[in-house]
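Please find below a colleague's note on the structure shown here. Comments are arranged as numbered points.

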Amino acid sequence: MSDHLLENIRQAETFSKKLDPILEIKELWGKASLEHVLNFSESLAESPAFINNPNQAKKLLEFPFQEIGISMEKALEIITSQLDEQGLKASGGRHLGYVPGGGVYPSGLGDLIAAVCNYYAGVFYVSPGAVRMENMIIRWVAEMIGYDPGTCQGNISSGGSYSSLIAMHAAREALGIRARDVEKAVIYLTKQTHHALTKSLRVIGMGDAIYKIVPMDKQFRMDAQVLEQMIENDIAAGFRPAILIGSAGTTDVGAIDPLEQLADISGKYGLWFHVDAAYGGFFMLVDEMKKAFSGIERSDSMVIDPHKGLFMPWGTGMVLLKDGKKLLQAFHSYASYLQDLIEDEQEYSPADLSPELTKHFRGLRIWLPLQLFGVKSFRMALREKRLLAEYVYQKLKDMAGFEVGEPPQLTVVTFRYTDCQEDVNHFNEKLIKAIQQDGRIFLSSTLLEGKFYLRFTVLHFRTHLREVNTCFEVIEEQVKKLQGFS
Ligand SMILES: *Cc1c(COP(=O)(O)O)cnc(C)c1O
């Protein structure tokens, strides 16, 4: 062996060892990061909900990766100015647009532990604890929605879209829809169905299937009677009714389809019944709301987003299949040497239930907050959001000049200002722009049957009465300004 080789190894090692810095540096970086996070969350109560900065993080481009690293102080400075001081503060309580997410503190700590300890959560025998933890979370959700935790299976994914993709692929496999069958397969949905579903179907090669938009009642729920008629007609015409997509809380208005009726019809005609509960699902934790979801337990697959209704950070979704074997059949790989082990293993591996092999250990970011806070805190927070939505609705109903949409089934309230000289749609477009420009609160908008509405969505764990009342102040102020009264 040449001295030269050893010399080169030692030289490389002096640098490579920097990837595992000494304890003091780890502590220093840890403290600085923690301080950053705490400053950030403490300042949320006063900072704007939306900062329209024309700079759009351009300064980031001035910091390409260098051969030699920068200080943590400098790195945090860049993060603060380029990430925190512009755009939507999605982790603040005055984010009342779209569907707000979460970001509870212990989730971040769970991520820290998961990343630094780097547990391999793809395969049970590599990290039995990590996989069992994720499967326990799935079984906990199964119990909540009424699937049999013993026979269902699921996956903790990156979100509702990815979960939908998993569900649609499993549905197609279970139904045995071959390439030549696609053009005769019929998918039933409504105008309110989230586009993640049609996108998923396109991705899995079912873009050329037949998409039937089922009419809705005035509360934006699928009309089951018309659905059945459509199915009968499609059968008579030689098509194959395949997948029925119900929503348990549409993103747009929070509408819950008549799930019992949809389950009846799916059963009668042999359709795959999928329920999209990405936004609404966790309201099932609230006793008085459970009834609204009745029938969800009869679905074949369902999607639920912990990064919405369970206040977890973005990138946390879930999919469940009532018959877990169908999920396994859709995703396990025959070539895998692990197949032999499956029979003896106590838990199925995520790698056999989803497209991913190596994956982020998302379970810990859910497990830790549930353990630390206890389920009741989540249950009560969701009840509070629901009651706040009711409060918003009643208050807007009584406010002069405003018109409200349908009563909220979950926590979306739609409304518009109508007491104006100009075109109502045009006025409300100006109103939403003015509110977003003001920035103290963030609302979004939607178009319902040609009418422009503002949307008020209560779902953030930091949204309480105070934030909601600030919202009313801003709305009234901006209306007055637009009307020229101030
Ligand atoms: C948010 C949402 C989705 C999409 O989920 P992502 O987590 O954003 O990918 C799908 N369906 C409904 C009803 C949603 O609210």
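The points below cover the basis of the model, a helix pair and a sheet with a helix across it.

1. This is a predicted model, in which local features need pLDDT of at least 70 and side-chain atom pairs count only at pLDDT 80 or more, while totals for chains, interfaces and linings use all residues. Residues are numbered from 1 along each chain as its sequence is written, and side-chain values use heavy atoms, with hydrogens and water left out.

2. The axes of helix α2 (residues 23-43) and helix α3 (residues 72-84) come within 10 Å and cross at roughly 20°. Helices (H or I, at least four residues) and strands (E, at least two) are DSSP runs, numbered from the N terminus. Axes are lines fitted to C-alpha atoms, for helices over the stretch in contact, and angles run from 0 to 180 degrees between N-to-C directions. The two helices α2 and α3 are therefore roughly parallel (angles under 35 degrees).

3. In the contact (heavy atoms within 4.5 Å), Trp29, Ala32, Ser33, His36 and Phe40 of α2 meet Met72, Leu76, Ile79, Thr80 and Asp84 of α3.

4. Seven strands form an open sheet with mixed pairing, in the order β3-β9-β8-β7-β6-β4-β5. Two strands pair if DSSP finds at least two bridges between them. β3 (153-157) and β5 (210-213) stand at the edges with a single partner strand each, so one side of each lacks a neighbour in the sheet.

5. Strands β3 and β9 (residues 317-321) run antiparallel and are joined by 5 bridges; Ile156 has Met318 in β9 as its bridge partner.

6. Helix α6 (residues 160-175) lies across β3, β6 (240-247), β7 (272-277), β8 (301-304) and β9, and runs at about 20° to β9.

Conventions
Parallel < 35°, antiparallel > 145°, perpendicular 65-115°, else oblique.
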